[in-house]
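Q: Please take a close look at the pockets of this model. I would like their volumes and linings, then a few words on the surrounding elements.

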Amino acid sequence: MKVTLLGSGDAVGVPAPLCDCRYCEEGPRRRRTALLVETDRAAVVLDAGPDVVDQLRVADVTRVDAFFVTHHHYDHVGGLHELDHAAMGFDAHVGITGGYLPPDAFAEEEKPRDPEFAVYLTDTALEHVDSSAPYLREAIEFRTFRHGEAISVGDLSVVPFPVRHGGPRFDTVGFAVAASDSTVAYAPDMWEFGNGDAYADADLLFVEGAALFRAFGHGEEAELRAALSDADADRTVLVNLNEHLQRMTTDELREAAAADGYELGSDFETYRP
């Protein structure tokens, strides 16, 4: 299993919009949080934020079997509009479907491959799609899931588990992805884990870190620290961080994370659990 952290930032990102502070000028770029998990037989991406095209291009990935969405906030679903362009297929995109161009307008060898993928999301996230962008349903194959229900994608097993973030107004989950004897857990927006223990004892845990270091996260620092201790992962990588908001340099964040026994996430860092 190969794991690539496609984005390590928060909803704002680094650099922040229209900001010229030294933390934005000197800090590394932090795209919105997302994770790529690959084996020889499957590839899944966890979260599809507005940076998804850039993230996949930099990672040199053009085949993804499934996208899994933690919740419906823009920094996690903004990329669905980008994926819609791919999902509709080339003929529909250029107008052959519908009769605006003749079928032979492009030679078959000129046409790109039409990707095939599904997007898995919570019921409340799908309700948000239906109310805000119902046209996405025309091309994208959406599938919902239940907490604790294992979803097979090739040789990967993906298990959604609840986390405390925005409920009860909407459902937020993390994901545990397993292949062979390795498990990677991902919970970028949270301050406590919910029922179930799919996240526990993971080889790698990618998790919210904002509340640990001089910035409001999604809850209290003490609750987040207790949750990270309870997870008892072999390696814990902190995401949802932002030098601009925390007013800390990258080196300061890295040192603070290391002092607690954690690692600081960086865009496009790869891992082999």
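A: The largest pocket holds about 570 Å³ of space. This is a predicted model, and every value here is computed from it.

Start with the lining. The largest pocket is lined by 21 residues. Nearest its centre lie R57, T62, L83, A86 and P115. Three helices contribute to this lining: α2 (52-58), α4 (80-87) and α5 (90-94). Each of these helices supplies at least two of the lining residues. What is the make-up of the lining of the largest pocket by class? There are 12 nonpolar residues, 4 polar ones and 5 charged ones.

Next comes the second largest pocket. Its volume is about 230 Å³. It is lined by 18 residues, and the closest to its centre are D10, F216, G217, H218 and N240. Sorted by class, the lining of the second largest pocket has 8 nonpolar, 6 polar and 4 charged residues.

Now the strands. Strand β10 covers residues 182-187. Is β10 mostly covered or mostly open? It is mostly covered, with 5 of its 6 residues buried. The buried label applies because the relative accessible area of such a residue is under 20%.

β10 has two pairings to describe. One is with strand β9 (residues 173-179). These two strands run antiparallel and are joined by 5 bridges. Within this pairing, V177 stands opposite V184 of β10. β9 and β10 form a hairpin, with 2 residues between the strands. In that hairpin, S180 takes a positive phi near 55°.

The other pairing is with strand β12 (residues 204-208). Here the sense is parallel, and 4 bridges link β10 to β12. A187 stands opposite V207, which belongs to β12. Taken together, β10 pairs antiparallel with β9 and parallel with β12.

P15 sits in the loop between β1 (2-7) and α1 (22-26). Why does P15 count as partly exposed? Its relative accessibility is 47%, so P15 falls in that class. The class spans the range between the 20% limit for buried and the 50% limit for exposed. P15 can also be placed against A222. The two are 207 residues apart in sequence. In space, they are 28 Å apart, C-alpha to C-alpha.

Methods
Residues are numbered from 1 along each chain as its sequence is written. This is a predicted model: local features need pLDDT of at least 70, side-chain atom pairs count only at pLDDT 80 or more; totals for chains, interfaces and linings use all residues. Side-chain values use heavy atoms; hydrogens and water are left out. Buried means under 20% relative accessible area, exposed over 50%, partly exposed in between (1.4 Å probe, protein chains only). Two strands pair if DSSP finds at least two bridges between them. On a 1 Å grid over the protein atoms alone, a cavity is a set of points where a 1.4 Å probe fits but cannot get out, and a pocket is an open set with protein on both sides within 12 Å along at least five of seven lines; lining residues have an atom within 4 Å of a point. Grid points are joined across faces, edges and corners, and a volume is the space filled by probe spheres set on the points. Ala, Val, Leu, Ile, Met, Phe, Trp, Tyr, Cys and Pro count as nonpolar, Asp, Glu, Lys and Arg as charged, and the others, Gly among them, as polar.
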